[in-house]
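My notes follow in the order I took them.

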Amino acid sequence: MRVVFFGNHDVGIATLDTLAEQADVVGVVAHPTDPEEGDRYASLFDFALKNNLNVIRGAGKDTSVLEFVKELAPDLIWITDYRYILPSHLFSVAKLGAINLHPSLLPRYRGRASVNWAILRGESEVGLTAHFIDEGVDTGDIIIQLVIQLDLNQDVGDVITALMPEYRKITSDVLSFFASGVVPRRAQDHSNASFFPARNPEDGRIDWSQSSENIRNLVRAVAHPYPGAFCESQYGKIFIWKASIANTASVAVDQPGAVVELSEKNNPKIQCGDGLLEVADCTL
């Protein structure tokens with residue numbers, strides 16, 4: 001089976017590596033050059049070059065990308081963490097269609113930053129969905145889903161680590177379906193869908209009038225490798241990387257953001273809208 005792969009980031013590399021072991025990857029489309037590539041995350045473009053794969057850089061609507069795909073005449077297009085939407089005239093080139101790996105349990109958390117949003121909203125499970133591409137955004141028929149349980153001690157970095165082997169597993173599973181000639185698919189229940197936008201570093205700003213639960217989830221949702229939750233202080237901007245809800249009665253202070261007391265570990269306990277948050281790790 002001839003496959004053209006569109007991808008980015010570490011999860012893109014894991015997926016591409018698995019695909020190359022089990023299918024004929026005839027072409028790779030990586031993101032345009034990004035200053036964070038090779039620094040904050042691994043370069044899929046460099047990985048493809050190193051492994052002698054036919055690779056170009058481009059956005060989904062670039063004419064050069066369409067020409068590249070048409071010339072290769074793939075059976076299947078595969079997408080993992082590619083931030084550009086592919087136009088229908090591009091993904092329809094592949095006779096078996098196009099597949100995307102989306103890091104949520106669709107139809108919930110369509111769109112960008114799915115894992116971050118799920119943690120921010122206090123979900124107890126996250127997942128990974130393999131689905132066919134249609135003209136919508138993350139709306140195509142589902143092939144298979146994998147579920148990962150999530151507890152309140154895990155942050156986004158923990159989830160990324162847990163998801164990495166799942167990208168390899170779901171890729172192998174889907175390829176097995178194609179090899180058997182029977183690929184399961186079921187329509188999404190659009191009545192249960194939710195959609196979330198991209199996030200930016202400023203979204204990590206802490207509003208101490210929010211509940212301690214909401215603030216703890218914000219800290220978890222934007223921890224490393226993301227820019228972090230932060231607040232301003234007399235010493236400058238403080239980034240909070242780990243925090244928990246303080247399970248203690250405290251002095252009544254009507255000043256959200258104030259350090260009320262210190263824990264036995266000398267961690268500051270900060271007043272929120274409805275209680276205290278104990279900060280275990282922070283940096284200036």
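**A glutamine in a loop**

I started with a side-chain pair: Gln210 and Asn214 are joined by a polar contact of 3.3 Å. A polar contact is a pair of N or O atoms within 3.5 Å; within protein, one must be able to donate a hydrogen and the other to accept it, and residues adjacent in sequence count only if both atoms are side-chain atoms. This is a predicted model, where local features need pLDDT of at least 70, side-chain atom pairs count only at pLDDT 80 or more, and totals for chains, interfaces and linings use all residues. Numbering runs from 1 along each chain as its sequence is written, and side-chain values use heavy atoms, with hydrogens and water left out.

I then placed Gln210: it sits in the loop between strand S9 (195–196) and helix H7 (212–221). Helices (H or I, at least four residues) and strands (E, at least two) are DSSP runs, numbered from the N terminus. Buried means under 20%, exposed over 50%, and partly exposed in between (1.4 Å probe, protein chains only). Beyond its neighbours within four places in sequence, Gln210 is in contact (heavy atoms within 4.5 Å) with Ile215, Cys272, Gly273 and Asp274.

**The sheet**

I traced seven strands in an open sheet, ordered S3-S2-S1-S4-S5-S7-S8, with mixed pairing. Two strands pair if DSSP finds at least two bridges between them. Strand S3 (55–57) and strand S8 (142–149) are at the edges with a single partner strand each, so one side of each has no neighbour in the sheet. Strand S4 (residues 76–80) and strand S5 (residues 98–102) run parallel and are joined by four bridges. Trp78 has Ile99 as its bridge partner in S5.

**The core**

Which residues touch the most other members of the largest nonpolar core? Among its 61 residues, these are Val28, Trp78 and Trp208. Helix H6 (residues 156–180) gives the most to this core, with eight residues. A nonpolar core is a set of buried Ala, Val, Leu, Ile, Met, Phe, Trp, Tyr and Cys residues joined through side-chain atoms within 4.5 Å. I also listed what Trp78 touches, not counting residues up to four places away in sequence: Phe5, Leu19, Ile99 and Val174 are among them.

**Whole chain**

I counted seven helices and 14 strands in the protein chain. Of its 284 residues, 49% are buried.
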